[in-house]
Amino acid sequence: KKIPLRLHKFGYVVKLYKRLSKMDTTDLLDNLIHDQVVLASAATYNAQKLDELGLKVNVNLSGSKSMFVGTQEDHIYPDVLVWKPESPNASKGKTVIAEVIETKKTLDSNPARWKALANKVGIIFYLIVPKGEEAKVILSLNALEIRNQTKLQTWHWDSTQKKYLFESVT
């Protein structure tokens, strides 16, 4: 027996409400900002240039991890991946660039992930942090001995342009 569509929608709303009610509202806001920055960073790649090079861009947003670096047993989920498929329609391939995007709240929670990605041979690793946090992050990168393998960038919201902007840190 089929359930009317409106009950399906109601059930979804109830499940969503239960999930959200377990989250701290600051976590919810932080995840939303994180995902917006991830999408903005992925959008900075020139689609035409990537296509010419045979590359693709994928993102891992909060709560939906689909593309990883490493093996099935030993994998890491960067936020943004630029990768070269094994064949035109393949879902597997070689990662060229891996980005990790941090918020102020997540800044100190992922140093092992930073180190693992920075030490992957053949992958360019970008760590993108909130503007104003770069000095603290450079100290952490030096302590982890991965400063030279890490391309550090900052992000911030530009209210004039109404978009997230990214700047390289040297």
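1. Basis. Because the model is predicted, local features are reported at pLDDT of at least 70 and side-chain atom pairs at pLDDT 80 or more, whereas totals for chains, interfaces and linings use all residues. Residues are numbered from 1 along each chain as its sequence is written, and side-chain values use heavy atoms, with hydrogens and water left out.

2. Overall make-up. The protein has five helices and eight strands, taken as DSSP runs (helices H or I, at least four residues; strands E, at least two) and numbered from the N terminus. Along the sequence their pattern is α-α-α-β-β-β-β-β-α-β-α-β-β. Of the 170 residues, 35% are buried, where buried means under 20% relative accessible area, exposed over 50%, and partly exposed in between (1.4 Å probe, protein chains only). Among contacts (heavy atoms within 4.5 Å) with a separation of 6 or more, 53% join residues 24 or more positions apart.

3. The sheet. Six strands form an open sheet of mixed pairing, in the order S1-S4-S5-S6-S7-S8; two strands are taken to pair if DSSP finds at least two bridges between them. Strand S1 (56–59) and S8 each have a single partner strand, so one side of each of these edge strands is left without a neighbour in the sheet. The twist from one strand to the next averages 25 degrees, with axes as lines fitted to C-alpha atoms (for helices over the stretch in contact) and angles running from 0 to 180 degrees between N-to-C directions. S5 and S6 run parallel and are joined by five bridges, and isoleucine 97 stands opposite isoleucine 124 in S6. Helix H5 lies across S6, S7 and S8, at about 160 degrees to S7.

4. Helix H4. Which residues of H4 (residues 111–118) are buried? They are Arg113, Trp114, Leu117 and Ala118, and they line one face of the helix, because seen down its axis they fall within an arc of 125 degrees, the arc being that of the directions from the helix axis to the C-beta atoms. Their cover includes strand S2 (69–70), strand S3 (75–76), strand S5 (93–101), strand S6 (124–130), H5 and S7.

5. The cores. A nonpolar core is here a set of buried Ala, Val, Leu, Ile, Met, Phe, Trp, Tyr and Cys residues joined through side-chain atoms within 4.5 Å. In the largest, of 21 residues, those touching the most other members are Trp114, Leu117, Phe125, Leu127, Val137, Leu141 and Leu152. Strand S4 (80–85), S5, H4, S6 and H5 each supply at least two residues of this core. Apart from it lies another core, of 14 residues, including Val37, Leu50, Ile101 and Ile128. Beyond its neighbours within four places in sequence, leucine 117 is in contact with Val69, Ile76, Pro78, Ala98, Val100 and Phe125.

6. Two loop residues to check. Glutamate 145, in the loop between helix H5 (134–143) and strand S7 (150–158), has a positive phi of about 60 degrees although it is not a glycine, and it is exposed, with a relative accessible area of 65%. Lysine 162, in the loop between S7 and strand S8 (163–169), is likewise a residue other than glycine with a positive phi, near 55 degrees, and counts as exposed at 62% relative accessibility.
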